[in-house]
Amino acid sequence: MLEKECIQAKGFKNIKAATQITGFQFDIRLMYYRGVWLSQLRPLSVKVDGIKIESSEISWEIEGIVYSENEMVKLGDVQWNVLSPATIRINKAGGLSSGYHNIEVSYRFSSSYMPPNMDEVLSFGDYERTLLLVE
């Protein structure tokens, strides 16, 4: 079951490949009443402990498939369902240390029923949450 907050506590962990920690991940939920096509999403902004993450280090996992933001722009036939969290994966050698971390997320999306000059009107805000990473 999804939590009320955009940034979900469940799923916050370091990413391991073999014996190396290559980054970390956390889940977010869609704060809209219906799903959106991946091509509607605008670049995600992420800060961790006050440090901005470069967009090239961010990928999205939707329904078990990992996408870069560049790939998502071209996907008008894949939807992020309102009942499914998206896993935000951050490439960061060594991941994060155990303890509390402040996560800030901002995402926006266009709407298929809005005129092009109002393309990025739908902004569901900036979200912030402190999460505990236990390794």
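Tyr-32, Tyr-33, Trp-60, Trp-80, Tyr-107, Phe-109 and Tyr-127 form one aromatic cluster. The model is predicted: local features need pLDDT of at least 70, side-chain atom pairs count only at pLDDT 80 or more, and totals for chains, interfaces and linings use all residues. Residues are numbered from 1 along each chain as its sequence is written, and side-chain values use heavy atoms, with hydrogens and water left out.

Rings of Phe, Tyr and Trp (its six-membered ring) pair if their centres lie within 6.5 Å; planes under 30 degrees apart are stacked, over 60 edge-to-face, and the rest tilted. This rule gives six aromatic pairs. One of them is the tilted pair of Tyr-32 and Tyr-33, at 4.8 Å centre to centre and 55° between the planes.

How do these two residues stand in terms of burial? Tyr-32 is buried, at 10% relative accessible area, whereas Tyr-33 is exposed, at 61%. Buried means under 20%, exposed over 50%, and partly exposed in between, with a 1.4 Å probe and protein chains only.

I turn to Trp-60, a member of the cluster. Its bridge partner in β7 is Tyr-67. Strands β6 (residues 58-62) and β7 (residues 65-68) run antiparallel and are joined by four bridges; strands are DSSP runs of E, at least two residues, numbered from the N terminus, and two of them pair if DSSP finds at least two bridges between them. β6 and β7 form a hairpin with two residues between them, and Glu-63 in the turn has a positive phi of about 50°.

Finally, Leu-132 lies in strand β11 (residues 123-133). Leu-132 counts as partly exposed because its relative accessibility is 44%.
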